[in-house]
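Me: I want to learn to read this model feature by feature. Please give me the general idea each time, then the case at hand.

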Amino acid sequence: MNSPHHDEAVMTKREVEALTIARVVAREAHRGQLDKAGEDYYLGHLSRMAVALDLSGHRLRMAGWLHDTVEDTKVSLLEIQSMFGREVSDIVDALTRRDDETYMESIHRVNRHPEARRVKLADIDDHLRDTTPLNDTMIDRYEKAREVLR
């Protein structure tokens, strides 16, 4: 059972379809984007997050795929809600940094939402897996955020 999608056998058909749509929305929304290491954002960061959240249930996995769509693409929170429901859009909303807040303010807000916290920890852990493309300020910021969220 080492497949990154082994729990799909216990998911309903509707949950599997929603997870597939979340992958497609993420792939299309982030098409052409590169992460800090210069990797394709979808094939790199988002795919690794999906694996990290594999045992977390379909809502968290969908939120993992979609966590940066509202902040970094033209996809709106209303679109997320209409496609995936209120529970998933609430997680994505909690993960979306506001224009008027600092990074650490957003982390403290995420920390108040247990499901968003789990997704954000997976996000930060993935960013810290290879610190080569990160400067010391970014590394320190991620490590402080991880301390708050744990």
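Reply: Start with contact: heavy atoms within 4.5 Å. Buried means under 20% relative accessible area, exposed over 50%, partly exposed in between (1.4 Å probe, protein chains only). Helices (H or I, at least four residues) and strands (E, at least two) are DSSP runs, numbered from the N terminus. The buried residues of α1 pack against α2 (42-52), α3 (58-66), α4 (69-72) and α5 (77-84).

Me: What kind of model is this, and how are its residues numbered?

Reply: It is a predicted model: local features need pLDDT of at least 70, side-chain atom pairs count only at pLDDT 80 or more, and totals for chains, interfaces and linings use all residues. Numbering runs from 1 along each chain as its sequence is written, and side-chain values use heavy atoms, with hydrogens and water left out.

Me: What is the mean pLDDT of the protein? Where does pLDDT stay under 50?

Reply: pLDDT is the predictor's confidence in each residue, from 0 to 100. The mean is 92, and 94% of residues reach 70 or more. Residues 1-6 stay under 50; the model gives them 10 contacts beyond four places in sequence. Where pLDDT is low, the predicted coordinates should not be read in detail.

Me: Which residues of α1 are buried?

Reply: Check the length before the faces. The expected span of a helix is 1.5 Å times one less than its number of residues. For the 17 residues of α1 (residues 13-29) that is 24 Å, and the end C-alpha atoms are 24 Å apart, which agrees. A18, L19, A22, R23, V25 and A26 are buried in α1. Down the axis they fall within an arc of 165°, so they line one face of the helix. The arc is that of the directions from the helix axis to the C-beta atoms. K13 and R14, on the other side of α1, are exposed.

Me: How many aromatic pairs are there?

Reply: Rings of Phe, Tyr and Trp (its six-membered ring) pair if their centres lie within 6.5 Å; planes under 30 degrees apart count as stacked, over 60 as edge-to-face and the rest as tilted. The count is 2 aromatic pairs. Y103 and Y142 form an edge-to-face pair, 6.3 Å centre to centre with 80° between the planes. Y103 lies in helix α7 and Y142 in helix α9 (residues 136-149), so the pair ties together parts 39 residues apart in sequence. Y103 is buried at 9% relative accessible area, and Y142 is buried at 3%.
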